[in-house]
Amino acid sequence: MNILFICKYNKFRSRIAEAYFKKINKNKNFKVKSAGLIQDRPISKFQQKVAKELGINISGKPKGLSTKLLMWQNMIIIVADDVPKTIFNNEAYRKKTIVWKLPDVLKDNKKQTIKLIKLIMKKVDKLISKELK
(Lines give C-alpha, C1' and ligand atoms only; values in the text may rest on other atoms or scores of the structure.)
Protein backbone atom coordinates (compact mmCIF):
# COMPACT_ATOMS: atom_id res chain seq x y z
CA MET A 1 0.00 0.00 0.00
CA ASN A 2 1.22 3.47 -0.91
CA ILE A 3 0.21 6.28 1.43
CA LEU A 4 0.47 9.94 0.47
CA PHE A 5 0.41 12.56 3.23
CA ILE A 6 -0.70 15.97 1.96
CA CYS A 7 -0.77 19.44 3.48
CA LYS A 8 -0.79 22.90 1.97
CA TYR A 9 2.97 23.45 1.45
CA ASN A 10 4.77 20.22 2.47
CA LYS A 11 6.82 22.29 4.88
CA PHE A 12 5.72 20.78 8.17
CA ARG A 13 2.54 18.74 8.83
CA SER A 14 2.81 16.22 5.98
CA ARG A 15 6.59 16.05 6.39
CA ILE A 16 6.24 15.20 10.09
CA ALA A 17 3.68 12.49 9.27
CA GLU A 18 5.90 10.98 6.56
CA ALA A 19 9.10 11.05 8.62
CA TYR A 20 7.47 9.63 11.74
CA PHE A 21 5.67 6.90 9.78
CA LYS A 22 8.97 5.86 8.18
CA LYS A 23 10.65 5.87 11.60
CA ILE A 24 8.17 3.55 13.33
CA ASN A 25 6.72 1.43 10.51
CA LYS A 26 7.90 -2.18 10.56
CA ASN A 27 5.75 -3.41 7.66
CA LYS A 28 7.72 -3.08 4.42
CA ASN A 29 4.49 -3.46 2.41
CA PHE A 30 3.61 0.14 3.33
CA LYS A 31 5.37 2.97 1.52
CA VAL A 32 4.82 6.64 2.31
CA LYS A 33 5.54 9.95 0.66
CA SER A 34 4.37 13.49 1.31
CA ALA A 35 3.59 16.52 -0.80
CA GLY A 36 2.03 19.95 -0.67
CA LEU A 37 -0.64 21.46 -2.86
CA ILE A 38 1.70 24.40 -3.33
CA GLN A 39 5.46 24.01 -3.48
CA ASP A 40 6.97 26.61 -1.16
CA ARG A 41 10.23 27.69 0.43
CA PRO A 42 12.10 25.25 2.68
CA ILE A 43 10.93 24.60 6.22
CA SER A 44 12.20 26.94 8.89
CA LYS A 45 15.36 25.99 10.78
CA PHE A 46 13.40 26.50 14.01
CA GLN A 47 10.79 23.85 13.09
CA GLN A 48 13.53 21.46 11.92
CA LYS A 49 15.27 21.87 15.29
CA VAL A 50 12.09 21.27 17.33
CA ALA A 51 11.23 18.19 15.25
CA LYS A 52 14.78 16.86 15.67
CA GLU A 53 14.46 17.27 19.46
CA LEU A 54 11.53 14.84 19.23
CA GLY A 55 13.53 12.42 17.05
CA ILE A 56 12.05 13.39 13.68
CA ASN A 57 14.19 14.54 10.74
CA ILE A 58 12.31 16.81 8.32
CA SER A 59 15.24 18.33 6.44
CA GLY A 60 15.19 18.72 2.67
CA LYS A 61 13.11 20.60 0.15
CA PRO A 62 9.30 20.63 0.11
CA LYS A 63 7.71 18.56 -2.66
CA GLY A 64 4.78 19.73 -4.73
CA LEU A 65 1.86 17.49 -5.58
CA SER A 66 2.07 15.83 -9.00
CA THR A 67 -0.02 13.56 -11.17
CA LYS A 68 2.67 10.90 -10.73
CA LEU A 69 2.26 10.99 -6.93
CA LEU A 70 -1.52 10.91 -7.21
CA MET A 71 -1.36 7.86 -9.47
CA TRP A 72 1.16 6.16 -7.13
CA GLN A 73 -0.97 6.40 -3.98
CA ASN A 74 -3.57 3.93 -2.65
CA MET A 75 -4.51 6.20 0.24
CA ILE A 76 -4.37 9.95 0.75
CA ILE A 77 -4.18 11.38 4.24
CA ILE A 78 -4.79 15.11 4.34
CA VAL A 79 -2.83 16.37 7.33
CA ALA A 80 -4.35 19.85 7.31
CA ASP A 81 -7.42 21.94 7.97
CA ASP A 82 -6.78 24.12 4.92
CA VAL A 83 -6.86 21.47 2.16
CA PRO A 84 -10.32 20.46 0.92
CA LYS A 85 -10.97 16.76 0.41
CA THR A 86 -13.01 17.53 -2.72
CA ILE A 87 -9.81 18.27 -4.66
CA PHE A 88 -9.25 14.52 -4.84
CA ASN A 89 -12.67 13.55 -6.24
CA ASN A 90 -11.19 12.74 -9.66
CA GLU A 91 -11.99 9.11 -10.59
CA ALA A 92 -8.34 8.36 -11.33
CA TYR A 93 -7.20 9.42 -7.85
CA ARG A 94 -10.20 8.43 -5.77
CA LYS A 95 -9.12 5.64 -3.55
CA LYS A 96 -9.28 6.05 0.21
CA THR A 97 -8.99 9.58 1.58
CA ILE A 98 -8.67 10.37 5.28
CA VAL A 99 -8.72 13.90 6.68
CA TRP A 100 -6.88 14.90 9.83
CA LYS A 101 -8.06 18.48 10.38
CA LEU A 102 -4.83 19.83 11.82
CA PRO A 103 -4.10 23.57 11.89
CA ASP A 104 -0.74 24.94 10.90
CA VAL A 105 1.39 26.50 13.62
CA LEU A 106 3.20 29.79 13.89
CA LYS A 107 6.69 28.92 12.73
CA ASP A 108 8.46 30.24 15.83
CA ASN A 109 6.09 29.03 18.55
CA LYS A 110 7.83 26.09 20.24
CA LYS A 111 4.91 25.10 22.47
CA GLN A 112 2.47 24.97 19.53
CA THR A 113 5.00 23.18 17.35
CA ILE A 114 5.65 20.45 19.94
CA LYS A 115 1.91 20.04 20.56
CA LEU A 116 1.23 19.61 16.83
CA ILE A 117 4.11 17.17 16.34
CA LYS A 118 2.86 15.02 19.22
CA LEU A 119 -0.68 15.09 17.82
CA ILE A 120 0.56 13.97 14.40
CA MET A 121 2.63 11.22 16.04
CA LYS A 122 -0.45 10.01 17.91
CA LYS A 123 -2.50 9.95 14.68
CA VAL A 124 0.23 8.02 12.84
CA ASP A 125 0.43 5.53 15.73
CA LYS A 126 -3.34 5.03 15.50
CA LEU A 127 -3.17 4.70 11.70
CA ILE A 128 -0.57 1.95 11.92
CA SER A 129 -2.27 0.09 14.78
CA LYS A 130 -5.88 0.27 13.53
CA GLU A 131 -6.27 1.36 9.90
CA LEU A 132 -3.43 -0.70 8.45
CA LYS A 133 -4.01 -4.01 10.22
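This is a predicted model: local features need pLDDT of at least 70, side-chain atom pairs count only at pLDDT 80 or more; totals for chains, interfaces and linings use all residues.

Residues are numbered from 1 along each chain as its sequence is written, and side-chain values use heavy atoms, with hydrogens and water left out.

Back to the pair. Helix 2 covers residues 45-53, and its angle to helix 4 is about 50 degrees, with the axes 10 Å apart. Helices here are DSSP runs (H or I, at least four residues), numbered from the N terminus. Axes are lines fitted to C-alpha atoms over the stretch in contact, and angles run from 0 to 180 degrees between N-to-C directions. On the helix 2 side the contact, meaning heavy atoms within 4.5 Å, uses F46, Q47, V50, A51 and E53, and helix 4 brings K110, T113, I114 and I117. That makes five nonpolar, two polar and two charged residues. For the classes, Ala, Val, Leu, Ile, Met, Phe, Trp, Tyr, Cys and Pro are nonpolar, Asp, Glu, Lys and Arg are charged, and the others, Gly among them, are polar.

Next, helix 1, residues 13-24. Helix 1 also packs on helix 4 at about 50 degrees, with axes 9 Å apart, and this pair is therefore oblique. From helix 1 come R13, I16, A17, Y20, F21 and I24, which meet residues of helix 4 including L116, I120 and V124. The contact has 12 nonpolar, no polar and two charged residues.

Now the pockets. A pocket is an open set of points on a 1 Å grid over the protein atoms alone, where a 1.4 Å probe fits, with protein on both sides within 12 Å along at least five of seven lines; lining residues have an atom within 4 Å of a point. Of its 14 lining residues, Y9, K11, Q47, D104 and K107 lie nearest the centre.

Which helix gives the largest share of the lining of the second largest pocket? Helix 4, residues 110-131, with six residues. This second pocket holds about 170 Å³.

Note on methods
Grid points are joined across faces, edges and corners, and a volume is the space filled by probe spheres set on the points. Helices (H or I, at least four residues) and strands (E, at least two) are DSSP runs, numbered from the N terminus. Angles under 35 degrees count as roughly parallel, over 145 as roughly antiparallel, 65 to 115 as roughly perpendicular and the rest as oblique.
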